[in-house]
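Student: Could you walk me through reading helix packing in a model like this one?

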Amino acid sequence: MGRYSSVDWILFEWDERRTGLGPVRSSLEDTRGWYHQLGPWLDPGPAPGVSICRLMVDGRVVVLSRTRTGGSDSRRTIRVQAYLGGSAANASAMPNVRQALALAPGWSSLLPADPEPLDLAVLLRPYADAGAALDRRARAEAATLAPIVSEALRGNREPLSVAAQGEAVVQLWGLVDILDLVLGRYPETFSTYESDDLKQGAEVIFLQQWPGPSSRAAHRRRVDLRAPDQSDLYGEIAAMVVQAYAGGQLPGLVKRLRIADGMALEERVELLGAALREPPKPVPAEPRAPRPPAPAEPAPAAPEGPPPRPAPPPPASGPRIRVPAARPAPVTHEKPPPAPPPASPPARPEAQPVAVRDAFDYFLAELAEATSAGAARSILRDVHAWARTRPPADVRSRLHALVPELERLLPDDEVNPILRDLLDPDASAEAVRSAWLDPRWLVLAAVLLVVLVLQVVTTVLR
């Protein structure tokens, strides 16, 4: 395992020798200081199940998977696994927020008996299935997210405290997806259970109930999902984007409004507010097939036998003149041509199943076959072009798959810059400044120039 693909771990349990909660096993040689920094976050809460916490400690990602080994609400039953991403010298953003939410509850079974680091690739292997299942649940239960989104729009980076009775992991997954698209950023540190909101270090924390007045944090905005208030512009915008997210239409809405990365919050709110004022687009009526012409009614049938003679004219005064009776012309009845049957629409060919393969899968396959750094850099140019066309959330969730191949093909000092570049593919490269323009050289040149001028003046005065 390379430096970028290994994850250290610490197991916290009740230690009878120390008569207290502390680290009992770890892949680190020295765990001093970690309990002091992580101790306030080790409480899993009284409810059964696993609560998750993601923090940044000394430049390292720390994911806590917290649970209880028994039913009693006691420190003796607490069991916490801490997973430390990256390393002290090469910090890594993995496990990222979505990976921690989807997978951390199941990592406890992967702790080895020996004090060895975990392989990041093994930890993330079931992410596709677990993430898809969590995504479906988040969209189905998205209606509860509107108050949190509303406060995030109002607060502009202020930490949030959320009082909710639902499942915090599901709500956080949906919140991350929505804020990533709407605001271009999302909370990267969180805790799915805390007993108070006084601690700093997590952007979003979930509580089952509000603590007493003395435990209220002045630096956090509070959101109560049990009594939401959505009566202003921010509430209407939040309701709109949450509804679009639940229906899978939020990326299209953001693209139609031309909300771009780097756009200020005020501009985003203005565009979203304008979308509220747009009249709903009429749904086009489905085209109807023309009715077939009605068959013509047949003419009445002629009576059989010779036609009746006309009645003789009434007698008139004067000599009678015999007028020969005109022979009636034979009556013919032409039958109308039968109406043509309605033309049946041409039969549509049956859709043949087509195996669709994502472009990113092709990049991974090509990198696996590459044997040189030059070939890897050529493939990475295509990956960079692909990243510019994808939502940032999609790119972030896939980057971990590149790490093993990049470590195999490229020098260590190139891996992190490439990953950062893929996370922001539209960033323009900074112009390289000449070393001679360094302020230290400029000061030295100025000092030498002053000395030279003084020497010339002194020589002239002599």
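**Helices and their neighbours**

Tutor: Gladly! Leu-233, Tyr-234, Glu-236, Ile-237, Met-240 and Val-241 of helix 7 meet Val-269, Leu-272, Gly-273, Ala-275 and Leu-276 of helix 9, where contact means heavy atoms within 4.5 Å. Helices are DSSP runs (H or I, at least four residues), numbered from the N terminus. This is a predicted model: local features need pLDDT of at least 70, side-chain atom pairs count only at pLDDT 80 or more, and totals for chains, interfaces and linings use all residues. Residues are numbered from 1 along each chain as its sequence is written, and side-chain values use heavy atoms, leaving out hydrogens and water.

Student: At what angle do the axes of helix 7 and helix 9 cross?

Tutor: Axes are lines fitted to C-alpha atoms, for helices over the stretch in contact, with angles from 0 to 180 degrees between N-to-C directions. Here they cross at roughly 75° and come within 10 Å. Helix 7 and helix 9 are therefore roughly perpendicular (65 to 115 degrees).

Student: Which residues of helix 4 are buried?

Tutor: An α-helix has 3.6 residues a turn, so residues three or four places apart point the same way. In helix 4, Tyr-127, Gly-131, Leu-134, Asp-135 and Ala-138 are buried (under 20% relative accessible area, 1.4 Å probe, protein chains only). They cover an arc of only 110° around the axis, which puts them on the same side of helix 4; the arc is that of the directions from the helix axis to the C-beta atoms. On the other side, Asp-129, Arg-136 and Ala-140 are exposed (over 50%).

Student: What do the buried residues of helix 4 pack against?

Tutor: Their partners are helix 2 (97-103), helix 3 (120-124), helix 6 (168-182), helix 7 (233-246) and helix 12 (392-398).

Conventions
Helices (H or I, at least four residues) and strands (E, at least two) are DSSP runs, numbered from the N terminus. Angles under 35 degrees count as roughly parallel, over 145 as roughly antiparallel, 65 to 115 as roughly perpendicular and the rest as oblique.
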